[in-house]
Amino acid sequence: QQSGTVTESGYLDAIRFGGAIDIAEGISAGATLNLYFGSYDYLRDYHETDVNGLFSHDTSHVAPAQFQSAQITDNLHREQTGSGLKLGLLFRELGPVRLGLTFETPTLMHIDETSSRTGVAKFAYDTYDFPNLNGATSSEFIYDVVTPIRMGAAASFHMASLVLSGSLSYADMSQISFTNS
């Protein structure tokens with residue numbers, strides 16, 4: 001008989017500081033500084049029991065002989081912080097047309113991830129405990145994720161109470177990189 005539970009939780013919050021200024025008649029420039037922070041937790045708890053006694057008749061002392069039950073627990077915790085900058089221009093004095101352009105710098109996300117695995121296996125003749133002693137079944141990964149540059153353009157046409165708008169954005173996702181691992 002096997003059963004398990006997986007629990008995941010986490011968040012990624014952002015604090016944004018932005019401002020804009022008119023740099024000429026009908027032209028505005030703006031910038032937003034994005035700061036990100038959050039965490040993620042993953043827990044997997046797995047149980048297995050020989051409810052039908054399939055291994056109970058084997059009298060040797062070599063696993064899986066006389067197996068009774070096992071429990072394996074996986075834990076993962078991730079802390080993440082990051083930042084990025086978005087710049088924009090808005091052109092308003094083009095008759096009924098408005099045009100916006102944006103440029104977004106790469107976002108740098110710093111990840112600090114720790115994980116561990118522990119377990120207990122019970123046999124009729126002994127119990128084997130696999131605690132996380134001295135980090136034997138744990139790991140820590142520290143790395144950065146860098147997103148690509150993003151560029152965007154948008155236009156809108158205003159006539160009476162009708163607004164028609166469209167936008168286009170570009171990012172070369174093959175430029176995502178993992179660094180400082």
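## Salt bridges, strands and a surface patch

Tutor: In this predicted model, the side chains of arginine 117 and aspartate 74 meet in a salt bridge, with 2.6 Å from N to O. This pair links distant parts of the chain, since arginine 117 belongs to strand β5 (residues 108–123) and aspartate 74 to strand β3, 43 residues apart.

Student: Which other residue is in a network with Arg117 and Asp74?

Tutor: That is Arg44, as Arg44, Asp74 and Arg117 are linked in a network of salt bridges. The side chains of arginine 44 and aspartate 74 come to 2.7 Å, N to O, and here too distant parts of the chain are linked, with aspartate 74 in strand β3 and arginine 44 in strand β2, 30 residues apart.

Student: And is aspartate 74 buried or exposed?

Tutor: Aspartate 74 counts as buried because its relative accessible area is 10%, which is under the 20% cut-off. Arginine 44, at 25% relative accessibility, is partly exposed, and arginine 117, with a relative accessible area of 43%, is partly exposed as well.

Student: How many salt bridges does the structure hold?

Tutor: The structure holds four. One of them joins aspartate 22 to arginine 92, where the closest N and O atoms are 3.5 Å apart; aspartate 22 is in strand β1 and arginine 92 in strand β3, 70 residues apart.

Student: Why does aspartate 22 count as exposed?

Tutor: Aspartate 22 counts as exposed because its relative accessibility is 52%, and the cut-off for exposed is over 50%.

Student: What else does the side chain of arginine 92 make a polar contact with?

Tutor: The side chain of serine 28 makes a polar contact with that of arginine 92, at 2.4 Å. Serine 28 sits in strand β2 (residues 27–49) and is buried, its relative accessible area being 12%. Leaving aside neighbours within four places in sequence, serine 28 is in contact with several residues, including Asp22, Gly88 and Leu90 as well as Arg92.

Student: Changing topic, how do β1 and β2 run, and how many bridges join them?

Tutor: They run antiparallel, and 22 bridges join them. As one example of residues facing each other, alanine 20 stands opposite glycine 30 in β2. The hairpin of β1 and β2 has two residues between the strands, and in this hairpin glycine 26 takes a positive phi near 80°.

Student: What about the hairpin of β3 and β4?

Tutor: That hairpin has two residues between the strands, and glycine 95 takes a positive phi near 70°. Strands β3 and β4 (residues 97–104) are antiparallel and joined by seven bridges, with leucine 89 standing opposite leucine 101 in β4. Strand β4 is also joined to strand β8 (residues 150–159) by eight bridges, again antiparallel, and glycine 100 has alanine 154 in β8 as its bridge partner.

Notes. Residues are numbered from 1 along each chain as its sequence is written. Side-chain values use heavy atoms; hydrogens and water are left out. Helices (H or I, at least four residues) and strands (E, at least two) are DSSP runs, numbered from the N terminus. Buried means under 20% relative accessible area, exposed over 50%, partly exposed in between (1.4 Å probe, protein chains only). A polar contact is a pair of N or O atoms within 3.5 Å; within protein, one must be able to donate a hydrogen and the other to accept it, and residues adjacent in sequence count only if both atoms are side-chain atoms. Contact means heavy atoms within 4.5 Å. Two strands pair if DSSP finds at least two bridges between them.
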